[in-house]
Amino acid sequence: MYGESAGSYSEMMDEEINNPLYADILERLSKRLKGIEGPLFDVACGSGHMLAMYQQQFDPGRPLVGVDLTEEMVAIASARLGQEAEIRAGDMRRLDFLESASAASVLNFFAMHHIDPDDLLAVRPGEVPRAAAPQEREEDRRGGHPQGQHSDRRQRGGQIPTEAA
């Protein structure tokens with residue numbers, strides 16, 4: 001289903017990415033990540049627009065990792081980001097391949113609303129905090145994250161996704 005609309009979604013995002021809200025959120029995220037090592041991980045990277053904006057405008061040296069459920073989106077994001085990111089197919093409901101404390105932060109902009117509410121129960125609680133770097137977890141406990149739809153684990157109740165089995 002999502003694979004069939006990958007091309008039109010990417011074209012829509014070519015314009016949507018110009019919404020200043022995204023630049024604002026990603027800029028605030030880049031400031032929060034100063035001094036925190038590790039990749040920025042997007043668990044539903046789609047066409048790769050958010051990772052590309054982050055890398056090009058705010059943090060060009062940060063390693064990027066993107067995961068998407070469909071091979072079509074993986075191909076589009078891979079073409080957009082080239083060697084600037086590791087893009088792979090996977091399911092955002094499982095982060096098994098992501099080592100504990102390895103990600104500087106985790107993004108999820110446009111995907112949680114696509115998951116059936118019953119499927120959300122299958123998401124392991126604590127996956128995002130487990131994957132995030134210790135400094136990022138400390139900021140989260142202190143409530144230091146700016147509000148926005150980035151790695152903010154509080155919005156998802158500490159839940160996040162991963163690679164298909």
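This is a predicted model: local features need pLDDT of at least 70, side-chain atom pairs count only at pLDDT 80 or more; totals for chains, interfaces and linings use all residues.
## Strands and crossover

Strand S2 covers residues 64–68 and strand S3 covers residues 85–89. The two strands run parallel and are joined by five bridges. Within this pairing, Val67 of the model has Arg88 in S3 standing opposite.

Helix H4, formed by residues 71–81, belongs with S2 and S3 to a β-α-β unit, and this unit is right-handed.

## Nonpolar cores

The largest nonpolar core has 26 residues, of which Leu26, Leu40, Leu51 and Ile87 touch the most other members. Two or more residues of this core come from each of the following elements: helix H2 (20–32), helix H3 (49–57), H4 and S3. Apart from this core there is a second, separate one of 10 residues, with Ala44, Val65, Leu95 and Leu98 among them.

Beyond its neighbours within four places in sequence, Ile87 is in contact with Cys45, Leu51, Gly66, Val74, Ala77, Ser78 and Leu81.

Arg62 lies in the loop between H3 and S2. Arg62 counts as buried because its relative accessibility is 10%, and the cut-off for buried is under 20%.

The side chain of Arg62 has two polar partners to note. One of its polar atoms lies 2.8 Å from the backbone oxygen of Gly38, and a polar contact of 2.9 Å joins the side chain of Arg62 to that of Asp59. Leaving aside neighbours within four places in sequence, the residues in contact with Arg62 are Leu33, Ile36, Glu37, Gly38, Pro39, Leu40, Tyr54 and Ala104.

Technical notes. Residues are numbered from 1 along each chain as its sequence is written. Side-chain values use heavy atoms; hydrogens and water are left out. Two strands pair if DSSP finds at least two bridges between them. Helices (H or I, at least four residues) and strands (E, at least two) are DSSP runs, numbered from the N terminus. A crossover is right-handed if, with the strands pointing away from the viewer, the path from the first strand over the helix to the second runs clockwise. A nonpolar core is a set of buried Ala, Val, Leu, Ile, Met, Phe, Trp, Tyr and Cys residues joined through side-chain atoms within 4.5 Å. Buried means under 20% relative accessible area, exposed over 50%, partly exposed in between (1.4 Å probe, protein chains only). Contact means heavy atoms within 4.5 Å. A polar contact is a pair of N or O atoms within 3.5 Å; within protein, one must be able to donate a hydrogen and the other to accept it, and residues adjacent in sequence count only if both atoms are side-chain atoms.
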